[in-house]
Amino acid sequence: MSDYIVRATAADANIRAFAVTSREMVETAREDHMTTPVMTAALGRLLSAGAMMGAMMKGDKDIITLQIQCSGPAKGLTVTADSHGNVKGFAINPQVELPLNAAGKLDVGGALDLGILTVIKDMGLKEPYSGQCELKTGEIAEDLTYYFATSEQIPSAVGLGVLVDKDQSVKQAGGFIIQLMPFTPDEVVDRLEKKITEIDSVTQMLDRGLTPEQILEEILGNFGLEITDTTKTRFHCDCSKERVSRALSTLSKKDLDSIIADGESIEVKCQFCNKAYEFTVDELKEMR
């Protein structure tokens, strides 16, 4: 199994935890969208978070969408995941070039700058659940920590990391989400908060070659860690010519007539995976 998510509990189930290794997923996204290193890191972090948050969903058809709208040059990111480990995503501007930040790291916060994080959960109800918070740092992990605390009232620690190699490919990617259940004893909370301040960054742990299990062991090993589940995850887009055709058919008759009047086939690309679909004039006429 290459990319996978681990689910665990600790401290007599007062803590629940998730960790993911997502190198292949992030590399697929990089190749599909031809992202620059800073955008590989930004999109990769959000894809890794999406994979873990998708694993939190319980229903077979549940879908979660993480959307960032921002004032920085990235302009925005969207990631969608289901409860089976299928994840897809895109950046509005995948070609952002920025110098390294003051710490010598890829400047994801600079690429995003100010903005809003929206989390949409579609669980088959009449209306999807939607929660929002402002971006605190634009580094994504801290923003999700803030989101969980303010929108879902779940004290959480989120760590995300993407290591980009010298040839711009993805060397490592992954992360963790650790959450406290209601009524967790203060002593456990204090010990966990202290431990979180002592651990290496996700990037450092990935660079050491740690697996998701080992990352959770490093953080929660003294809390009675129990691995409860392992799930494969991957970058997977479910687009098809039929789905794109349905989207095109929602255009007004005037717009379709205008495209047909040009007398040439058109190419439509899927936002999530960049796959191109061609439609002939005859196919367009059938949509009217």
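**Salt bridges and a buried glycine**

Let me begin with Gly89, whose place is in strand 5, the strand made of residues 86-91. Please keep in mind throughout that what we have on the screen is a predicted model. Is Gly89 buried or exposed? Its relative accessibility is 0%, and because anything under 20% is called buried, Gly89 counts as buried. If we leave aside residues up to four places away in sequence, Gly89 touches His33, Leu43, Leu47, Thr78, Val79, Phe235 and Phe272. One of these, His33, is 56 residues away from Gly89 along the chain, and yet the C-alpha atoms of the two are separated by 9.5 Å.

Now I would like to turn to the charged side chains. How many salt bridges does the structure hold? There are 15, and I will go through some of them with you.

Take the pair Glu152 and Lys121, which form a salt bridge in which the closest N and O atoms are 2.9 Å apart. Glu152 lies in the loop between helix 4 (141-151) and strand 8 (156-164), while Lys121 belongs to strand 6 (residues 115-122), so this pair ties together parts that are 31 residues apart in sequence. Glu152 counts as buried, at 19% relative accessibility, and Lys121 is buried as well, with a relative accessible area of 16%.

The next pair is Lys194 and Glu198, whose side chains meet in a salt bridge at 2.6 Å, taken from N to O. Both residues sit in helix 5 (residues 186-198), and because they are four residues apart there, about one helical turn separates them.

Then we come to Glu283 and Lys241, another salt bridge, where the closest N and O atoms are 3.1 Å apart.

Finally, which residues are linked in a network of salt bridges? Such a network joins Lys88, Asp238 and Arg243, and with that I will stop and take your questions.

How values were computed. Residues are numbered from 1 along each chain as its sequence is written. This is a predicted model: local features need pLDDT of at least 70, side-chain atom pairs count only at pLDDT 80 or more; totals for chains, interfaces and linings use all residues. Side-chain values use heavy atoms; hydrogens and water are left out. A salt bridge is a side-chain nitrogen of Lys or Arg within 4 Å of a carboxyl oxygen of Asp or Glu. Helices (H or I, at least four residues) and strands (E, at least two) are DSSP runs, numbered from the N terminus. Buried means under 20% relative accessible area, exposed over 50%, partly exposed in between (1.4 Å probe, protein chains only). Contact means heavy atoms within 4.5 Å.
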